[in-house]
Structures are given as C-alpha cells and as structure tokens.
Amino acid sequence: MRLERVGPYLWRIPQDASRGMRVPGLVIADDQLIESIRSDASLEQIANGATLPGIVRAAMAMPDLHQGYGLPVGGVVATDARHGVVSPGAIGFDINCGVRLLATSLSASTVADRMESLVDALYAAIPTGVGSRGELTLDTRALDHVLERGAAWAVKAGYGDADDLQRIESGGGLEGAAPDGVSAHARERGRRQLGSLGSGNHFLEVQTVEVVYDEAAARTLGISEGQLMVMIHTGSRGLGHQVCTDYLAATGKALRRHGISVPDRQLACAPVDSDEARAYLGAMRAAANFAFANRQVLAHSTRLVFERSLHIAPRELGMRVVYDVAHNIAKEEEHEVDGARRRLVVHRKGATRAFPGQPVLVPGDMGRYSYLLLGTERAMHETFGSTCHGAGRRLSRTAAVKAARGRRIGGPSPDRGPPPI
C-alpha cells in the first residue's frame, strides 16, 4: 500500500480511483508504529473504508490501528447523514465497548497493605470470562427498559446515583433506540449478562495517579497524585455482538438491491434512509444503551466491594465517575467539511470522541500506564473530534501470549515511557 508522509505523525494513502476510493486515507502514527501497521492488512482496510458511498474528507486511522473486521480497529469514517451509508462492520461487534474511570477519596498508600485482599474480593464479585453472567436475569419488559434508557435504567433500579449520568457520554443513553430491532437471539445472549466484564481485552483495574502534568485541569476533575482510581473496560457483551452479526447479514443481502459495491463484504452497508440502515441504527443504539447500563452496574458493584473489603463508609470512600467514553459506535453529529457545517454519521471503531474539554481515557496495556487527557478544538477539525481508544497493540493477542511465556504478567515496566495524568 502506497503511503505519503505529510507530517511528523501523519501519513496519507492517496486516493486511488481504480480501487474505488472516494477520498484519501489518513493514518496518525510515528515511524515505529507505522512499521508495525504495515505488517497486517490495516492500511488496505482503511483504503477499503474510503470507498463507502457518501464518505467525506478521508478514511482515518488513529494511532492504535490494527487489523479488524471490515474496517481496522482505530478506524474513523464519517458519511453524509442524508446521502451516505451506515456500515455495521465499520462500527464493530462489541457495540459501545467503552471505558469508565472512577476516582476515590483515598490515597493508594493508605490501602497498600490491603490491596491483595481488595483485588481478590473484586475478582470474586465481578463476573469475568467468556459467557460470564451477572447476578441479574432480565425479563422481556426489564430488558426493553434497559435497551431504551441505558444507564438511567440502572440508576433508577438502585445501581449508582443520578449524578453519575452527568459524567457519561450522551448521559449514558442514546435517543432513537429501538428494542424491537434486537433479535430474540441477541436478547437471549444478553438477558443474564448485565453486570459482567466478559473476556478478551476487557478489564477492571485498580490504579494510582502517578504524575499530574496539568495541575489546573486535574483540580477541575478532582484528580491528584497518589489518588486511588479504578478503570473499567467492557461493552454490550453477547447482545451487541449478535446485533452486529444480524445486521451484517441484512446489509450484505441488500447491497445489490441498493446498487452498492464494496471491495470487502465485511464492509456491507446500506443507505442512511433505507429500511436496513434505520433498523440497524435503532438496534445499535439499543445495544449501546445496554453497554452503558452494564458499566453502570459494574461501577456500583465495584463501590460495594471497596466498602466491604476496606470496611469504610460510602462517604469516606468517595467513589465517583470521572468520565465514561464509548467506542465501537456511530453517532449523528455536525462537523465542518470544506468550510460548511454538515450532518454526518461518524463511525468510530476502536476510537473514541475527543471533543473540546471532554475527558479522554486511554487505557494502557496490562500493567502499563493509562492516561487521562482532555479533548481539544484541533481534534474537531482534524479527526471529527476523535482519538484512539487505547494503547493499541504491536502484536496480535496470540503473538503476545507466545512472547509472554515464562514471564511474570503484571506490574509497571520501568522502560515503558512517561507515566499517566
């Protein structure tokens, strides 16, 4: 794949009409990352994403780019909200997989001697692993309410406080959710999974603020060095996965009828105003609400474990939401394109919002530093207000496991680079 360097950390895949590209591709990466990126099919997938009807400006890749299904993880594509398309494969299977950061009033040093028992208690209380189930079993009516209201349902049911919703992207719920568009199979997969982490790269991690770089911003967010924190990364579990599976099949069948040709059927799509796209967007929003509710329940469970394990009152613990960001999601937003404001459907796959002043959460890989940042106005102009959703990877999961054999997993690495926050 041909690449042109256009900046210290910016590369362009030239628009190639012979490939059907309607716009160029843009990749944000340094020299070391770009060599790793060249080792898989990520660049070709970005070029494929540039063929989607109605795409504007460029198909973009954030620094944690790696090969995915259809569009690479770290991919961002924006299509015109009236004349463009929606592609389930450009959003991903784990709809609204996201990251929530919780702050406490505790100093990590004050609980150091109880950390092992705290982690054991968390592991015992938080369901993890493939097919893991939470303590809740939702009947049809309750599941409909979760899919309609998201985190607000969880708060009303006693999981957390109403204040939490003010610190969650979109208030913890997307309007336009259509529970009726979620299949019986997807519902059955999710009915017992609310309040569970799942597997893969999902995690719940107890963290410490090592370094603060911007004192004023940190004070605004209530963050200080030495503070005990918790980061949660999970999404819509089997329900969201099944929603994506169902609508990939539906949009794939509809390609010919809509006169659309894509270089990879994993990028099957449908016009925004089509029945298939409307049905998918309604179901996608419902799955996203399930994920918001899932993280809300998990955060509440985490609070309870801390209180029981550390034998402290809620006020003394002071656990609160710093922010909750979503990735693997599509949102209708207004952005400037070629000097004019336009309504766009912004697909973010393994990428998160980075709107001006918004907290941005970038988890590190296991045992390494994570970062709490703030979005900038520049991101709105350059990436539709988007950034990476995590540290990314230079190895596949299988290769990483092989490389780690014989090593102790966990603990920060002294040569990894600067610490967070």
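**Strands, rings and cysteines in a predicted model**

Glu205 counts as partly exposed, at 23% relative accessibility; buried here means under 20% relative accessible area, exposed means over 50%, and partly exposed is what falls in between (1.4 Å probe, protein chains only). This is a predicted model, in which local features need pLDDT of at least 70, side-chain atom pairs count only at pLDDT 80 or more, and totals for chains, interfaces and linings use all residues. Residues are numbered from 1 along each chain as its sequence is written, and side-chain values use heavy atoms, with hydrogens and water left out.

Back to Glu205, which sits in strand β8 (residues 203–208); strands (E, at least two residues), like helices (H or I, at least four), are DSSP runs numbered from the N terminus. The side chain of Glu205 makes a polar contact of 2.7 Å with the side chain of Gln207. A polar contact is a pair of N or O atoms within 3.5 Å; within protein, one must be able to donate a hydrogen and the other to accept it, and residues adjacent in sequence count only if both atoms are side-chain atoms. Setting aside residues up to four places away in sequence, Glu205 touches Met229, Val230, Met231, Gly367 and Ser370, where contact means heavy atoms within 4.5 Å. From Glu205 to Asp120 there are 85 residues in sequence and 12 Å in space, C-alpha to C-alpha.

How confident is the predictor overall? The average pLDDT of the protein chain is 93, and 94% of the residues score at least 70; pLDDT is the predictor's confidence in each residue, from 0 to 100. Residues 410–421 have a pLDDT below 50, although this stretch has 29 contacts in the model beyond near neighbours in sequence.

Next comes strand β5. Eight of the eight residues of β5 are buried, so the strand is largely enclosed by the rest of the structure. Strand β5 pairs with β4 in the antiparallel sense over three bridges, pairing being called when DSSP finds at least two bridges between two strands. Within this arrangement, Met60 has Val76 of β5 as its bridge partner. The hairpin of β4 and β5 has six residues between the strands, and Gly70 there takes a positive phi near 75°. Strand β5 is also joined to β13 (residues 340–349), by six bridges, and these two strands run antiparallel. Here Ala78 finds its bridge partner in Val346 of β13.

What surrounds Ile13, apart from residues up to four places away in sequence? The residues touched are Met1, Arg2, Leu3, Met21, Pro24, Gly25, Val27, Leu43 and Ile46. Gln227, by contrast, is 214 residues along the chain from Ile13, with 43 Å between the C-alpha atoms.

Now for the aromatic rings. A pair of aromatic rings is described by the distance of the centres and the angle of the planes. Rings of Phe, Tyr and Trp (its six-membered ring) pair if their centres lie within 6.5 Å; planes under 30 degrees apart count as stacked, over 60 as edge-to-face and the rest as tilted. That rule gives three aromatic pairs. One of them is edge-to-face, with Tyr69 and Phe93 at 5.1 Å centre to centre and 80° between the planes. This pair links distant parts of the chain, 24 residues apart: Tyr69 comes from the loop between β4 (59–66) and β5 (73–80), and Phe93 from the loop between β6 (85–86) and β7 (97–107). Tyr69 is partly exposed at 31% relative accessibility, and Phe93 is partly exposed at 22%. Trp153 and Tyr159 form a stacked pair, 6.4 Å centre to centre with 25° between the planes. Both Trp153 and Tyr159 are buried.

Finally, the cysteines. The structure holds zero disulfides, a disulfide being a pair of cysteine sulfur atoms within 2.5 Å. For Cys97, the nearest cysteine sulfur belongs to Cys244, 13 Å away. Cys269 is likewise in no disulfide, and its nearest cysteine sulfur, that of Cys244, is 13 Å away. Cys97 is buried, with a relative accessible area of 4%, and Cys269 is buried at 0%.
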